[in-house]
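Load the model in a viewer and keep the selection tool ready. The stops below go from one selection to the next.

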Amino acid sequence: MKRETKLSIWCEEAKQYLPLYKEINGLRYELDTETWTYLPKLEIETPPAELGRFGSMRLKYLEQHKQAEWLELIWTDQLYSHCIQMEKDVQNQIEQIVEQKIKSEEFQTAMYDFMKTYQLRQQYQTEAEEQAIQSIYI
């Protein structure tokens with residue numbers, strides 16, 4: 001007589017009901033009924049509508065160069081939240097660098113020349129992005 005349940009299944013080899021799912025160390029495992037072994041059930045979180053430039057760069061870097069860390073983030077369902085946080089951190093870092101450079105003497109002396117001010121801002125933004133991008137690749 002087989003017991004009808006969604007939480008367990010009868011295993012002839014083991015002569016007992018085995019649970020369909022187990023949770024071990026925060027990871028969920030699903031019973032493979034062909035081999036009667038538990039395999040990790042990977043549920044990849046849905047990506048946000050738009051990840052952003054720096055978050056996307058981090059995602060690609062992890063996938064191509066840090067595969068162990070990438071898999072760990074997938075297994076713990078933290079991949080996109082990690083990339084979103086990286087996006088925010090890099091943006092904040094860029095803002096801080098630009099603000100520091102704007103306080104420089106070079107910028108203050110050029111304040112009355114609109115084109116010079118604009119060029120310096122663009123230069124500072126580019127330099128800040130180059131510095132901040134380095135944090136993505138660690």
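Is Tyr-118 buried, partly exposed or exposed? Select Tyr-118: its relative accessibility is 43%, so Tyr-118 counts as partly exposed. Bear in mind that this is a predicted model.

Phe-114 is exposed, its relative accessible area being 63%. Both residues sit in helix α5, and because they are 4 residues apart, about one helical turn separates them. The ring centres of Phe-114 and Tyr-118 lie 6.5 Å apart and the planes meet at 25°, so this pair is stacked.

The structure has 3 aromatic pairs. For another of them, select Tyr-61 and Tyr-137: with ring centres 5.1 Å apart and planes at 80°, the pair is edge-to-face. Tyr-61 belongs to helix α1 (residues 53–65), whereas Tyr-137 lies in the segment after α5 (114–133). The two are 76 residues apart, and the pair links distant parts of the chain. Tyr-61 is buried at 14% relative accessibility, while Tyr-137 is partly exposed at 35%.

Now move to the sheet. Select β3, β4 and β5: these 3 strands form an open, antiparallel sheet in the order β3-β4-β5. At the edges are β3 (21–24) and β5 (37–40), each of which pairs on one side only. From one strand to the next, the twist averages 40°.

Pick out Ile-24; opposite Ile-24 stands Leu-27 in β4.

Note on methods. Residues are numbered from 1 along each chain as its sequence is written. This is a predicted model: local features need pLDDT of at least 70, side-chain atom pairs count only at pLDDT 80 or more; totals for chains, interfaces and linings use all residues. Side-chain values use heavy atoms; hydrogens and water are left out. Two strands pair if DSSP finds at least two bridges between them. Axes are lines fitted to C-alpha atoms, for helices over the stretch in contact, and angles run from 0 to 180 degrees between N-to-C directions. Rings of Phe, Tyr and Trp (its six-membered ring) pair if their centres lie within 6.5 Å; planes under 30 degrees apart count as stacked, over 60 as edge-to-face and the rest as tilted. Buried means under 20% relative accessible area, exposed over 50%, partly exposed in between (1.4 Å probe, protein chains only).
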